[in-house]
Amino acid sequence: MEILAPAGSFPSLVAAVYAGADAVYFGAREFNARERASNFSETEIFEAVDFCHERGVNCFAVVNTLIRDREFSEAEALVRMFCRAKIDAFIVQDTALASFLIKNTDVPVHASTQMTIHSLDGAEELYEAGFRRIVLSRELSKEDISYIVRNLPDGAETEIFCHGALCVCYGGQCYMSSVIGKRSGNRGLCAQPCRLPYQDGYRLSLKDLSLLERVRDLKEIGVSSLKIEGRMKSPEYVYAVTKAYSDAVRGVAFSPETEERLAEIFSRSGFTKGYFENKLGKEMFGIKSSPPSNVSFSPRETKRFGVDIFAKFKEEGVVEIRFVTSDKYTASAEVFCERAKGRPTDRATLEKQLFRLGDTVYYPISLSAEIPEDIFIPVSELNRARRECVESLSSQRKFRPRTVKNAAFSPVKTPFYKAKKRILRGVFLNPSSVPENAGKLEKIWIPLSFANKKEGKETIDRFGDKVGFVLPRIFHDSERREVLSLTEAATDAGAKEFLCGNIGQIRFLRDFSLSREIPLVLHGDFGLNIYNSVSSMLFFKKGLESEILSFELPAAALRDFSSERTGILAYGRLPFMIMRNCVKKNCGKPEFLLDRKGKNMLLTCDFSCRNSVWNADILWLADKNLSDFGFLQLLFTDETKNDISLVIDEYLSESQSPAVFSGVTTRGLYF
């Protein structure tokens, strides 16, 4: 099982390697989810890869942000540079960039946790698309992880976070920092609003994760890699944490004192294993309450590879010294020898000189000597042969050629589009709030959780085939059976159209359609983070009939790849977060989260008691010219039926002022 350590700077990378990391991950100064870390210049990237490869450590390039069409050429230049540096894998969020890398390079591509892969459906879909490794969502339990690992095809790798900071929101689904402060987590600029105080305390700040005690369990499950978070942390922190996990993987028994020491170095009110152990609640929350304690380390190489050494007489005056490492690298050197005039070179002398591997990654295993008993080899010759063999092994490890096809990473050109009339679709968190004039909408979306309830059936009776169902934004494999039952209830009621916001849900519905021989129409929601023209095209190829484009882009950028089949969120409280934890005081009832600036953000319960946080301000675009988009999606959360009726009419009439509400409105990030 691999230990994957963070490297936000060159000193942190060195610390990780000396601590025993099997692989490190780092980014350049653009297109990575920690843009405020020191990160690496081009020169440092080449030096870092050579430094690691000499020691048998893999290097993963983090290119895990969403990418705009106009940035494609810059992103292409960056990944080509990483390939020249002989990087070992790319960690990617953007589906367009991932597709380019899979088709045009021989470098493995890993799916970032920002892709929100939390089910076997999602993991299988990405593996079949060419991803070598899936970085799973941090919210999964031991049982969830085990199920995915056990059922993935041979060759598919899995990676989980084992230590460090936990976001309260599922990775890739947090938009709070983006909407409030124009610092997108999907662009590497998160301002961490979850760490701020709210009314009644730090209600969104989770403790740091530590699975040090559960390393043996993870090894037995078959997880491929344990990932340590911390590209914003010091080299000393990286060393201490990496050393603890490296020791654990190599069989050192868990020590509570070691974990306590790690908590002193950095934690937030201690550590949590809550998600992994399926123990949610207030105990998972904490804040950074005291400055981290000092820690230091001595830069010494970790012994990684055993060496079998062979000394063999070849011909008069020549003995061959050959090193064979435990991972099958071979190096040899010839040394001068002569008939001994005094004491001949014996086995003890050979061992003493050739076993002196000192501060290298190698350690001696055995010596095989086939030399005449009366041969003398100068000590200087043995030392030279040892140095040459070690240098040769290091040089061989650096030889990892990479291939990149001469293909361009280019946007998809879409025809100029102008809608002849304004088409509206509505998403209703509660079907009982659907007004009579909802018949003017092209589609009426209601939560799948109402498929077997009276309100859902009544909505279908009232509006017929206009009604479709929204899948839960998140559901784990342990909840799949329930979602399957709800999907059957929806189709039994006559529904054929479904809105899904995760790539795993596309596969889930496609498989359901095939197995039941029921033709379904699938639509893509905002959670897919469709941020550029190629991603849009790729999702259409997966069978989507329509798509909601990312609301993190300005309207001008979205117009470059809009069509009659693409729409935008044009009204409502923009979604901020979806959390596995419940932070509400009264579970089941809507309530508000008051921030330090007096903004009241709506808190709702989703499927399986996941909480969603919604913007305090209402997105209002009724007066804007939005004819570049095929449809506008209106998002209704806590409005009254009467208010919703007025909103629908005002959007159809392209009202110039939001007369419906006395509250604050916003243009979001569109204008």
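Me: Which residues of H17 are buried?

Reply: Ser533, Val534, Ser535, Ser536, Leu538, Phe539 and Phe540 are the buried residues of H17. Buried means under 20% relative accessible area, with a 1.4 Å probe and protein chains only. Do keep in mind that this is a predicted model, in which local features need pLDDT of at least 70 and side-chain atom pairs count only at pLDDT 80 or more, while totals for chains, interfaces and linings use all residues. Residues are numbered from 1 along each chain as its sequence is written, and side-chain values use heavy atoms, leaving out hydrogens and water.

Me: What makes H17 mostly covered?

Reply: Of the nine residues in helix H17 (residues 533-541), seven are buried. These buried residues pack against helix H3 (72-84), helix H4 (95-104), helix H16 (503-516), strand E22 (544-548) and strand E23 (566-572). Helices (H or I, at least four residues) and strands (E, at least two) are DSSP runs, numbered from the N terminus.

Me: Why is Asn186 called buried?

Reply: Its relative accessibility is 0%, so Asn186 counts as buried. Asn186 is found in the loop between helix H7 (176-181) and strand E8 (208-210). Beyond its neighbours within four places in sequence, Asn186 is in contact (heavy atoms within 4.5 Å) with residues including Thr65, Leu66, Gln114, Tyr175, Asn529 and Glu552.

Me: What joins the side chains of Asn186 and Gln93?

Reply: A polar contact of 2.9 Å joins them. The cut-off is 3.5 Å between N or O atoms, one able to donate a hydrogen and the other to accept it.

Me: How many cavities of 30 Å³ or more does a search of the whole structure find?

Reply: Two are found. A cavity is a set of points on a 1 Å grid where a 1.4 Å probe fits but cannot get out, and its lining residues have an atom within 4 Å of a point. The largest cavity has a volume of about 170 Å³. Of its 17 lining residues, Thr95, Met115, Gly527, Leu528 and Phe539 lie nearest its centre. The second largest cavity has a volume of about 110 Å³.

Me: Which elements give two or more residues to the lining of the second largest cavity?

Reply: They are strand E7 (157-164) and helix H11 (274-277). Among the residues lining this second largest cavity are Leu136, Arg138, Ile160, Phe161, Tyr275 and Phe276.

Note on methods. Buried < 20%, exposed > 50% of the residue type's maximum accessible area, 1.4 Å probe, protein only. 1 Å grid on protein atoms, 1.4 Å probe; cavity = no way out; pocket = protein on both sides within 12 Å on 5 of 7 lines; lining within 4 Å. Points joined across faces, edges and corners; volume = space filled by probe spheres on them.
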